Amino acid sequence: MTRRYKAGVERGQGQLLPMRVEDYVSEDNPVRALDTYVESLDLRALGVTNTADGVSAGQPAYPPAALLKLYLYGYLMRVRSSRRLEAECYRNLEVMWLLRGLKPCHKTIADFRRDNAEALQAVHRDFVQLCRELDLYGRELVAIDGSFFAGDAGARGIHTRDQLNRRVQRIEADIERYLQALDEVDRSEAEAAAPGGDDDADALREKLERLRERQAREADRLARLQASGGTQLSEVDPDARRLSKNGRVVCGYNVQLAIDGRLRLIIDGVATGDGNDRHQLQPMAGRAADALGMGRFTVVADGDYFNPAQMRACEGAGITPYVPEPRPRGPSAATGRVARAAFTFDAGADGYRCPRGAFLARQRVITRSGQRQIHYASHRADCACCPIREACLSARTPYREIYRSEHEEWLEGEHRPRMEEGGREAMRRRAEMSEHPFATGKRWLGWDHFLVRGLERVNGELGLVMLAYNFRRVLNVLGPRALRAAIAARARHRSARSRSGAAITRLFRAMRAWTEHQSIGAPAAA
């Protein structure tokens with residue numbers, strides 16, 4: 001017997017479909033919550049372009065609210081490209097409903113994201129305030145973490161100072177070699193037994209000309225880098241940097257996020273060009289405090305944020321830091337030599353005592369990796385006759401050195417006891433809080449690179465990314481209908497407050513006009 005299969009509908013068969021696009025979008029569809037939220041915004045106050053009154057020449061502009069809805073929908077649905085968003089306007093019924101049938105071209109869509117960097121960040125901050133009004137932030141525990149995101153720049157377009165110096169030296173050596181070869185050809189041309197000498201000389205001169213052009217380009221790049229005062233020169237995206245961590249190299253930006261502990265909602269974030277997280281703890285904790293109006297709270301971060309100066313600054317502002325101290329690295333740790341923990345600090349003598357009793361005296365205060373540290377060193381003679389010298393020093397090192405943070409007493413008295421007591425639980429919470437936004441954004445939603453150039457525009461796109469992430473989280477927690485009701489209630493409250501403020505303003509203006517009229521009509525004083 002012949003196997004049966006399900007039969008599809010004949011392509012030429014006429015069908016009775018709903019006559020309204022409204023019928024294709026259910027009441028529980030998240031796109032309705034998106035539409036309600038964008039419609040509740042005062043786009044002019046947020047600084048969105050094309051919101052000022054007035055009529056300009058040419059065709060009318062597309063409504064900024066429609067373009068904002070399109071972008072928010074696209075970032076929620078893993079569609080970020082302006083060309084792909086343009087295609088969605090023609091084939092996606094949800095987008096047709098959301099934009100009321102408008103079909104902007106890809107350039108109009110891309111220009112909106114490019115020209116509204118600050119406004120997109122302002123919209124993200126507005127949604128954070130909405131979540132705060134709905135009591136979705138715990139405001140007690142904040143996790144700070146960073147990750148590298150690729151930018152719109154490649155490795156060949158970013159040059160470091162060392163790379164440029166090596167290229168210039170290599171080109172100079174090549175030019176010198178070709179000049180010597182050209183001299184040999186010129187000498188051989190004088191001899192009758194050297195056929196084809198003119199062809200060889202012309203080929204060498206062409207190569208020399210190309211080398212000199214390359215030399216001029218590299219010299220110009222080196223001059224621009226020196227004039228900027230930076231360590232890298234990016235020709236495609238001027239703010240992108242070559243970032244490396246654990247052998248992984250990314251040409252882009254270091255994105256920092258502050259995440260709340262209750263529902264793992266993002267509080268704030270910023271893209272930077274820093275190659276590490278050592279100087280990000282206190283600034284990000286301060287941004288989180290300002291965004292939610294927090295006084296005292298706890299902040300957790302991984303060992304990459306270990307910076308005693310910034311940790312003490314956080315504690316002075318009422319923020320309790322939980323940051324693990326990185327394990328010792330370097331040759332001594334790798335070879336199993338005598339660890340620093342075996343040396344005892346003598347506060348009275350302001351120095352260290354080694355396991356054999358030798359004294360390491362204070363030398364000077366230096367700055368290492370952006371941190372002020374005190375340098376201590378032993379005497380050569382003490383180390384030369386020490387019986388455990390081979391276990392303490394390498395063959396080429398004449399004496400032992402120790403670098404002590406200027407905040408070491410605070411670390412020993414407060415931070416390390418705090419980490420011993422609650423550090424394990426704090427690091428467990430940190431992992432479940434901070435890894436969630438990055439994993440969701442990069443793996444599920446495809447937010448692993450930026451589509452715009454320049455730090456300002458990159459931060460604008462980051463604002464859109466954070467808004468979409470928080471919007472998805474709130475939809476999962478509250479549901480589309482509850483979120484729509486909350487947004488509508490907020491809009492009514494704002495409208496009532498605005499009408500009350502307008503009435504008060506009109507009253508003040510009437511009183512001022514009456515006062516001015518009285519002063520003008522009053523008789524002059526005798």
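1. Which residues of helix α5 (residues 106-115) are buried? They are I109, D111, F112 and R113. Worth a look in the viewer: the cover over these buried residues includes α2, α3, α6 (117-133) and α15. Bear in mind throughout that this is a predicted model.

2. Now the overall picture. The protein chain has 16 helices and 13 strands. Its radius of gyration is 33 Å, whereas a compact globule of 526 residues would come in near 24 Å. Taken along the principal axes, the C-alpha atoms fill a box of roughly 110 × 90 × 85 Å.

3. On burial and surface: 40% of the 526 residues count as buried. The accessible surface of the chain comes to about 30,400 Å², and carbon and sulfur atoms hold 49% of that. As for contacts, take those with a separation of 6 or more: 68% of them are between residues 24 or more positions apart.

4. A quick word on charges. The protein chain carries 83 positive and 70 negative charges.

5. Is E412 buried or partly exposed? It counts as partly exposed, because its relative accessibility is 42%. Setting aside neighbours within four places in sequence, E412 is in contact with R404 and P417.

6. Most residues other than glycine have a negative phi. R78 is not a glycine, yet its phi is positive, about 65°. You'll find R78 in the loop between α2 (64-76) and α3 (82-91), and both of those helices are among the elements covering the buried residues of α5. R78 counts as partly exposed, since its relative accessibility is 44%.

7. D350 is the other case: again not a glycine, and again with a positive phi, this time about 55°. Where is D350? It lies in the loop between β9 (344-346) and β10 (351-353). With a relative accessible area of 25%, D350 is partly exposed, because the cut-off for buried is under 20%.

8. Last stop is N459, in helix α15 (residues 455-478). That helix is also part of what covers the buried residues of α5. N459 itself is buried, because its relative accessible area is 12%, below the 20% cut-off. Which residues does N459 touch, not counting those up to four places away in sequence? The answer is Q121, V270 and A271.

Methods:
Residues numbered from 1 in each chain as written. Predicted model: local features only at pLDDT ≥ 70, side-chain atom pairs only at ≥ 80, totals over all residues. Heavy atoms only, no water. Helix = DSSP H or I, 4+ residues; strand = E, 2+ residues; numbered from the N terminus. Rg over C-alpha atoms; globule rule 2.2 N^0.38 Å. Buried < 20%, exposed > 50% of the residue type's maximum accessible area, 1.4 Å probe, protein only. Contact = heavy atoms within 4.5 Å. Areas by Shrake-Rupley, 256 points an atom, 1.4 Å probe, with all protein chains shown as cover. Lys, Arg positive; Asp, Glu negative; His and termini not counted. Charge placed at Lys NZ, Arg CZ, Asp CG, Glu CD.
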